[in-house]
Amino acid sequence: MTGRSLGTRLVAGAALWIALALLATGFILEALFRSHVESALEARLSAELNQIAGAVAIGSDGRPTLTRRLADPLFDRPYSGRYWQIDAKGVAPERSRSLWDTTLPLPADDLPDGALHRHRLTGPAGQDLLVLERGVTPTEAETRLRIAVAADLAELAEPLARFRWTLAMSLTVLGLGLVGAVLLQVHYGLQPLARLRSALAELRAGRRERLKGDWPAEVRPLVEDFDAVLDHSAQILERARTQAGNLAHALKTPISVLANEADAQADPLAETVRQQVASMRRHIDHHLARARAAAAATRPGARADVAGIAHQLARTLGKLHQARGIAITVESDGMPLFRGDPQDLMEMLGNLMENACIWARMRVLVRLQAAGDRTLVVVDDDGPGLPSARRDEALARGTRFDESVPGSGLGLAIARDLAELYGGTIALADSPLGGLSARLDLPGLRNAP
Amino acid sequence: MRILVVEDDKALGRQLAQSLTEAGYAVDRADDGEQGHFLGYTEPYDAVVLDLGLPRLDGLSVLKRWRGEGRDFPVLILTARDRWHEKVEGIDAGADDYLTKPFRMEELLARLRALIRRAKGHASAELACGPVRLDTRRGAVSLDGRPISLTAHELRVLSYLMHRQGEIVGQTELMEHVYGHDSERDSNTIEVFIGRLRRKLGPELIETVRGRGYRMRAPQARDGT
């Protein structure tokens, strides 16, 4: 047994057991039938023996003769397989015509009168004979007679063969039926496992957060343990996020103090501090974003409503860029969902939309679309755009084009890192509005229940 | 203009107070949420710089309480929390701007200027009243194009009056927006500053409304009434 499939193991085990049981049944039934037909034959022989005993007479020459012919014509047909013979001491045995010129080689035997003996002898033409013999002493004679009747066992072969064939066919049909029933039973019995598998697939696909539900008692402990592992990892994730946030807070305030001190001075030391602080800031931003994202991307069952988040961001960015009066429009086609953490989606969208707001002159357009199991977000602005030669650079880690424009540059790289962790992509192109168009392709959810 | 800085980091709080003072603001500091909320509730500020991770009462709760109590001064959140969901939460709680640490002081100052200007209903960074012009970005004042040199307190008085052009500003209100919480206040000094401003800018720009306070108006606007 391979051990690869529980179903195969169960079916193979049951099939072996069924085959053994049916074989044993077959042998027993065949033996019973054989003994039945043999005893029927014996009963007939015994009746014929009685007939002969009743019809035997001792002739004047001392030889036994039959006073009546026996009814069965087979006794007259040579080597027919049905024979009788009467042995008397001192004279040649009297026998049926069917024996022709042979005699039954009865073994030397001293029988009490009336006792019935059974022999297996080889008869004429090599026949396998069942012989019934009885010793009789007729009242008018002093010699004891040995009367024997024989039948060819080959007579039994044909009904036996017929019986065997029928038996084999019936048992085969029964066996197949049983194996079929076992298959059904195994399929039905293992169905919860198949359901468990599809539940796990749903979990991976984000259509489900936990396995818990209506499970049989044997599967329930497994499901509960699995859910406990999921809970545990969610807790670890939450703790990791909190720690990342604490680390950020702890580092950023001193960095601010350092940077402000350096900005107030004009000597070479201050310049070095400024540069190093800028580099520290980039590293912190980049690695924190990655740490948060790496933890988030592995969490199963998370999902987010893309349109809701885009509207929240549009409201917030509208306020942050209030002074410049930029109009942010969100257009949504269908009900796009993101398979992942809502906060990470907000991070990606927020960075793209803020970048658009920074460069836009008047308009930012956010288009959302559910396309099969993908979700597309396209952010357009009417700003100066970005030459195609510099687009890769814009998405590369740690690049910051213009230190004088607040917040520019790094956001696109963070968004790209996050998108890639989720198996998504970001592409930059020319926008129909005249500026840059950022296209974010993310894993979505096909069927929103 | 008077600003409240709520920041629990001592070094950063000091830097902020210093830079804001140098930029011509009167500054009060609070280093925990409770104290910050109390100051914002009791004193009339023109803008607040608010950290989020504060001891005793976190910044978002402080902000929500202020808004719930009808305090509508502009609030700029200055925090290390740079996630977008945190920004959305901050703006939804009633903040007017959101700046993440590490930040550049010039950026903070620029955003505060813009917030104050917007709150007082001015679109431009440069305020004008007749021949007097105030560039809020540099804190520079000119009269008919000639630069005028003012002391820090004179500039604060002028800046507040110019932001509230055409309205009557009481002496107490003016004092509250010119001095920090801990400063020695003396209403006579306001009169002294007004007097000096009239000498430097001409007597007719700032008028005294008897029993109520001061009003700054361009001469041509006054002709219309």
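Where is Asp144(B) found? The legends below come to that residue in the last view.

This is a predicted model, in which local features need pLDDT of at least 70, side-chain atom pairs count only at pLDDT 80 or more, and totals for chains, interfaces and linings use all residues. Residues are numbered from 1 along each chain as its sequence is written, while chains are lettered from A and ligands numbered from 1 in the order in which they are written.

**View 1. Chain A has nine helices and 14 strands.** Helices (H or I, at least four residues) and strands (E, at least two) are DSSP runs, numbered from the N terminus. Of the 449 residues in chain A, 27% are buried; a residue is buried if 20 or more other C-beta atoms lie within 10 Å of its own, exposed if 12 or fewer, and partly exposed in between, with C-beta atoms placed from the backbone. Among contacts in chain A between residues at least 6 apart in sequence, 61% join residues at least 24 apart. Two residues are in contact if their C-beta atoms, placed from the backbone, lie within 7 Å.

**View 2. Helix H6 (residues 306–320) of chain A packs with helix H7 (residues 342–359) of chain A.** Their axes are 10 Å apart, at an angle of about 45°. Axes are lines fitted to C-alpha atoms, for helices over the stretch in contact, and angles run from 0 to 180 degrees between N-to-C directions. H6(A) and H7(A) are therefore oblique to each other: angles under 35 degrees count as roughly parallel, over 145 as roughly antiparallel, 65 to 115 as roughly perpendicular and the rest as oblique. From H6(A), Val306(A), Ile309(A), Ala310(A), Leu313(A) and Leu317(A) take part; they meet residues of H7(A) including Leu345(A), Leu349(A) and Met353(A). The contact of H6(A) with H7(A) holds eleven nonpolar residues, one polar and one charged. Here Ala, Val, Leu, Ile, Met, Phe, Trp, Tyr, Cys and Pro count as nonpolar, Asp, Glu, Lys and Arg as charged, and the others, Gly among them, as polar.

**View 3. Chain B touches chain A through 24 residues, which contact 24 residues of chain A.** Helix H1 (10–22), helix H4 (84–92), strand E5 (97–100) and helix H5 (105–119) of chain B each supply at least two residues of this side. H4(B) gives the most, with five residues. By class, the side of chain B that touches chain A has eleven nonpolar, three polar and ten charged residues.

**View 4. Strand E4 (residues 75–79) of chain B is largely enclosed by the rest of the structure, because five of its five residues are buried.** In a regular strand the side chains alternate between the two faces of the sheet. Val75(B), Ile77(B) and Thr79(B) lie on one side of E4(B), with Leu76(B) and Leu78(B) on the other, and both faces are covered. Strand E3 (residues 47–50) of chain B pairs with E4(B) in the parallel sense over three bridges; two strands pair if DSSP finds at least two bridges between them. Val48(B) stands opposite Val75(B).

**View 5. Loops of chain B hold a cis peptide bond and residues with positive phi.** The cis bond joins Lys101(B) and Pro102(B), with omega about -5°, and Pro102(B) is found in the loop between E5 and H5 of chain B. Arg56(B), not a glycine, has a positive phi of about 70° and is partly exposed, with 14 other C-beta atoms within 10 Å. Asp144(B) is found in the loop between strand E8 (140–143) and strand E9 (146–148) of chain B. The phi of Asp144(B) is positive, about 50°, although this residue is not a glycine. Asp144(B) is exposed, with 10 other C-beta atoms within 10 Å.
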